[in-house]
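Trainee: I have a new model open and would like to learn how to read it. Please take me through it feature by feature.

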Amino acid sequence: MIKVHHLNNSRSQRVLWLLEELELPYQIVHYQRDAKTMLAPPELRAVHPLGKSPVVELDGRVLAESAAIIETLSERFDSSHRLSPPLQPLDGEERLRYRYWLHYAEGSAMPPLLLNLVFSKLRRAPMPFFAKPIARGIADKAVSAFVGPQLALHLDYIESELGKHEWFAGDRFTAADIQMSFPVEAAVARAKDRERPRMQAFVERIQARPAYQRALQKGGPYSLLS
């Protein structure tokens, strides 16, 4: 039995969705973030030393990192390649795009999104009144000079790539779309306008999938606005 250590409002939601798409049986162990710090509870460290989620137990082994989990589960259980390209040819266009987006999601897309969230929280953080202008000035400078331009660069890139194909690896839905869902949903949820319609449409497509909806029901409330 596959066991998913699932933290609310986390990347582990993608693992539940993958398992639902593959129609695999699994067990969920639920964890809740601390209401004040939004950090994972210390109990997760008993499962994996970093105390992060997602973490999956499979055949007595502990798997961590979203892309590694998705690759492992797909290779093990998706023999018909419904959600992944065939292994041959290794340099096929779909396989190259699949592998790229599977790793781009966390390696390139998430860092500017996370930095933007951190500086946004810094601006709102409680602190002595005399420190607020300094903290806000630092946050605003960092966002305007580096984080904002980098974020716009990546979001424009994603929007452009979704103009080439309906899905990230090509013309059909794959696990790369599951992996990319987190940064795209986060960007769309926090956007103040609708200037990137292809990203909006991607979110609407994935959220309409029955497996996505089943995973959401089992995983619990899910918000990317915090």
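Trainee: Which strands does α1 lie across, and at what angle does α1 run to β1?

Mentor: First, the terms. Helices (H or I, at least four residues) and strands (E, at least two) are DSSP runs, numbered from the N terminus. Axes are lines fitted to C-alpha atoms, for helices over the stretch in contact, and angles run from 0 to 180 degrees between N-to-C directions. Contact means heavy atoms within 4.5 Å. Here, α1 lies across β1, β2 and β3 (55–58). Its direction is at about 145° to β1. Helix α2 (residues 66–77) also packs on the sheet. α2 touches β1, β3 and β4, and makes about 30° with the direction of β3.

Trainee: What should I know about the source of these values?

Mentor: This is a predicted model: local features need pLDDT of at least 70, side-chain atom pairs count only at pLDDT 80 or more, and totals for chains, interfaces and linings use all residues. Residues are numbered from 1 along each chain as its sequence is written, and side-chain values use heavy atoms, with hydrogens and water left out.

Trainee: In what order do the strands of the sheet come?

Mentor: Pairing comes first: two strands pair if DSSP finds at least two bridges between them. In this model, four strands form an open sheet, in the order β2-β1-β3-β4, with mixed pairing. From one strand to the next, the twist averages 20°.

Trainee: How many bridges join β1 to β2?

Mentor: Six bridges join β1 (residues 2–7) to β2, and the two strands run parallel. Take K3 in your view: its bridge partner in β2 is Q27.

Trainee: Where is R209, and what does R209 contact?

Mentor: R209 sits in the loop between α6 (197–207) and α7 (210–219). R209 counts as partly exposed because its relative accessibility is 22%. Leave aside neighbours within four places in sequence, and R209 is in contact with W17, E21 and F173. R209 and E21 are 188 residues apart in sequence, yet 9.1 Å apart in space, C-alpha to C-alpha.

Trainee: How many cavities of 30 Å³ or more are there?

Mentor: A cavity is a set of points on a 1 Å grid, over the protein atoms alone, where a 1.4 Å probe fits but cannot get out; lining residues have an atom within 4 Å of a point. The count comes to two cavities of 30 Å³ or more.

Trainee: Which helix gives the most to the lining of the second largest cavity?

Mentor: That is α4, with four residues. The second largest cavity has a volume of about 30 Å³. α3 (93–124) and α4 (132–161) each supply at least two lining residues. H154 and P183 are among the residues that line this cavity.

Definitions and conventions. Buried means under 20% relative accessible area, exposed over 50%, partly exposed in between (1.4 Å probe, protein chains only). On a 1 Å grid over the protein atoms alone, a cavity is a set of points where a 1.4 Å probe fits but cannot get out, and a pocket is an open set with protein on both sides within 12 Å along at least five of seven lines; lining residues have an atom within 4 Å of a point. Grid points are joined across faces, edges and corners, and a volume is the space filled by probe spheres set on the points.
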